[in-house]
Amino acid sequence: MSVDHPEHYPVDGAGLGLRRSMVDESISPDAVDFLEVAPENWIGVGGRFGRWLREYTERFPFVIHGLSLSIGSPAPLDLELVRSVKGFIREHDIRCYSEHLSYCSDHGHLYDLLPIPFTEEAVHHVAGRIRQVQDLLEQRIAMENVSYYAAPGRELDELTFLNAVLEEADCDLLLDVNNIYVNSINHRYDPLEFLRGLPAERIRYAHVAGHFDEAEDLKVDTHGAPVIDPVWELLEQAYRIHGPVPTLLERDFNIPPLPELLVEVARIRSIQAEAGEAVHVGCR
Ligand SMILES: [Fe+2]
């Protein structure tokens, strides 16, 4: 199958990760431009939560961010999962499916995401699996640059590995700005150089999130705190380099009342506006 290169972003503006704990809140399209869920948490869900999700997917542009595709695993691909995701995409008119460039040891929980060795062999392995998923889905997918704390068997640096996978798989990129910040401290590299080395034409949307300061030189990507100023500054730099990419706030733990999250979503919008391009046009 041949997959076309994206000419448009799948969504525009500033988004928010939709979580079940928000079931009693009311999210307005005036405050949030698009929403994201993990498909594994919603496939086959009916009843009150199923109806709640449907209400939102009918009112908002939606993207999905998978947890358990386990693209780097040596185990066979979970084709049943890919088929279910394909059904979910069709059912809810999902604009983009993204996944982590990692693999999961068990059931795909956030902390079980393990790094793929940065080797040539792993590039071929992962790229082949991404192509297989894209063929099955009959659409491109976006892979996210992940945070990692150990780099087993490393032959390539992170940027070379990431770019080689994107190129060989001919897939897109979900640019996680917090992960670049966290990795740049934990692995001592220049985050701006990393940003400049990414292929703008493959970026579909971006993530920002908060993390945990374990120590001065050890940051843990928890999605459990507000976004910190250096990450907002890095997002500004990312827009300067790549344009005001649609950007979503991820919050998975210690989720505060909605108004607090909306302050952060509004900050994404204002940084996009400052970046000097009409983000609501959505094409580039
Ligand atoms: Fe992310």
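This is a predicted model: local features need pLDDT of at least 70, side-chain atom pairs count only at pLDDT 80 or more; totals for chains, interfaces and linings use all residues.
1. Aromatic pairs. A search of the whole structure gives 9 aromatic pairs. One of them joins Phe118 and Tyr148: the ring centres are 5.2 Å apart and the planes stand at 85°, so the pair is edge-to-face. The cut-off for that class is an angle over 60 degrees.

2. Placement of Phe118 and Tyr148. Phe118 belongs to the loop between β6 (113-114) and α3 (120-137), while Tyr148 belongs to the loop between β7 (142-144) and α4 (158-169); the pair therefore ties together parts that are 30 residues apart in sequence. Phe118 has a relative accessible area of 7% and is buried. Tyr148 also counts as buried, at 2% relative accessibility.

3. The pair of Tyr189 and Phe194. The ring centres of Tyr189 and Phe194 lie 5.2 Å apart, with the planes at 15°, so this pair is stacked. The class of stacked pairs takes planes under 30 degrees apart. The two residues fall into separate accessibility classes: Tyr189 is partly exposed, with a relative accessible area of 21%, whereas Phe194 is buried, at 4%. Buried requires a value under 20%, and the 21% of Tyr189 therefore places this residue in the partly exposed class.

4. The aromatic cluster. Trp42, Phe49, Trp52, Tyr56 and Phe60 are linked into a cluster by ring pairs. Arg20 lies over the face of the Phe49 ring, 4.9 Å from the ring centre. The charged end of Arg48 likewise sits over the ring of Phe49, at 6.0 Å from its centre.

5. The cavity. The whole structure was searched for cavities of 30 Å³ or more, and 1 was found. The largest cavity holds about 90 Å³ of space. Its lining consists of Leu101, Pro115, Ile116, Phe118, Asn145, Val146, Tyr148, Glu158, Phe161 and Leu162. By class, this lining comprises 8 nonpolar, 1 polar and 1 charged residues. Glu158 is in the lining and belongs to a charged class of residue; Asn145 is also in the lining and falls in the polar class. Phe118 and Tyr148, the edge-to-face pair of the opening point, are both among the lining residues.

6. The β10–β11 hairpin. Strand β10 (residues 212-215) and strand β11 (residues 218-220) run antiparallel and are joined by 3 bridges. The two strands form a hairpin, with 2 residues between them. Within this arrangement, Ala215 stands opposite Leu218 in β11.

7. Positive phi at Ser70. Ser70 is not a glycine, yet has a positive phi of about 55°. The residue is found in the loop between β3 (62-65) and α2 (79-92). Ser70 is buried, with a relative accessible area of 11%.

8. Positive phi at Asn254. Asn254, likewise not a glycine, has a positive phi of about 50°. Its position is the loop between β12 (247-250) and α8 (258-274). Is Asn254 buried or exposed? Asn254 is exposed, with a relative accessible area of 59%, whereas Ser70 is buried.

Notes
Residues are numbered from 1 along each chain as its sequence is written. Side-chain values use heavy atoms; hydrogens and water are left out. Two strands pair if DSSP finds at least two bridges between them. Helices (H or I, at least four residues) and strands (E, at least two) are DSSP runs, numbered from the N terminus. Rings of Phe, Tyr and Trp (its six-membered ring) pair if their centres lie within 6.5 Å; planes under 30 degrees apart count as stacked, over 60 as edge-to-face and the rest as tilted. Buried means under 20% relative accessible area, exposed over 50%, partly exposed in between (1.4 Å probe, protein chains only). A charge sits over a ring if NZ of Lys or CZ of Arg is within 6 Å of the ring centre and within 35 degrees of the ring normal. On a 1 Å grid over the protein atoms alone, a cavity is a set of points where a 1.4 Å probe fits but cannot get out, and a pocket is an open set with protein on both sides within 12 Å along at least five of seven lines; lining residues have an atom within 4 Å of a point. Grid points are joined across faces, edges and corners, and a volume is the space filled by probe spheres set on the points.
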